[in-house]
Amino acid sequence: MSGRIIVCLTCDRYGSPRAGEPTPGRRLAVALLANAHQPGHQVTVRTVECLNGCPHPCTAALRTPGKCVIRFSGLTPDDAPALIETAARYATSADGDIPAEAMPASLRDKISLRIGPINAG
Ligand code: FES
């Protein structure tokens with residue numbers, strides 16, 4: 001199933017990366033891309049400059065029109081497989097409102113924002 005993850009490349013905004021080294025956010029994006037085509041999943045990774053989770057890098061989000069927005073913070077490259085799995089589940093969900101209990105255990109404490117879908121009206 002296809003899905004999409006949005007990941008911040010700027011994280012860690014308050015850190016001091018060495019010249020020429022990728023930011024932690026870029027390392028997360030690379031790990032996500034490396035895991036994006038697990039069997040049964042086709043997940044697109046889109047990069048942005050900020051997801052307003054700056055104090056708790058690294059940050060990524062699931063966001064699709066008509067569905068919940070779910071943002072995760074405090075991520076590392078080790079979280080990439082769990083994020084891919086969750087993105088695939090999000091893609092098959094009608095409203096994207098995946099309860100924490102239905103996510104891989106490693107992500108449950110990393111949900112930093114959840115906004116319900118906006119209904120037309
Ligand atoms: S710099 Fe990554 S969320 Fe703001």
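The model is predicted, and local features need pLDDT of at least 70, side-chain atom pairs count only at pLDDT 80 or more, and totals for chains, interfaces and linings use all residues. Residues are numbered from 1 along each chain as its sequence is written, and side-chain values use heavy atoms, with hydrogens and water left out.

**View 1. Fold of the chain.** The chain has 3 helices and 5 strands, where helices (H or I, at least four residues) and strands (E, at least two) are DSSP runs numbered from the N terminus. Along the sequence their pattern is β-α-β-β-β-α-α-β. The radius of gyration is 14 Å, close to the 14 Å that the globule rule gives for 121 residues, so the chain is as compact as a globular protein of that length. The radius is taken over C-alpha atoms, and the globule rule is 2.2 Å times the number of residues to the power 0.38. Along the principal axes, the C-alpha atoms fill a box of roughly 45 × 35 × 25 Å.

**View 2. Helix α2 and its packing.** Helix α2 has 13 residues and reaches 19 Å from its first C-alpha to its last, close to the 18 Å expected at 1.5 Å a residue; the expected span is 1.5 Å times one less than the number of residues. Buried residues of α2 include Ala80, Leu83, Ile84 and Tyr90. Buried means under 20% relative accessible area, exposed over 50%, and partly exposed in between (1.4 Å probe, protein chains only). The buried residues of α2 pack against β1 (2-8), α1 (24-35), β2 (42-48), β3 (60-62), β4 (69-72) and α3 (105-108).

**View 3. Surroundings of threonine 86.** Threonine 86 lies in helix α2 (residues 80-92) and is buried, with a relative accessible area of 2%. Leaving aside neighbours within four places in sequence, threonine 86 is in contact (heavy atoms within 4.5 Å) with Leu62, Phe72, Ile98, Met103, Pro104 and Leu107. In the chain, 63% of the contacts with a separation of 6 or more are between residues 24 or more positions apart.

**View 4. Arginine 18 in a loop.** Arginine 18 is found in the loop between β1 and α1. Arginine 18 is exposed, with a relative accessible area of 61%. The C-alpha atoms of arginine 18 and proline 99 are separated by 38 Å, and the two residues are 81 residues apart along the chain. Buried residues make up 41% of the 121 residues in the chain.
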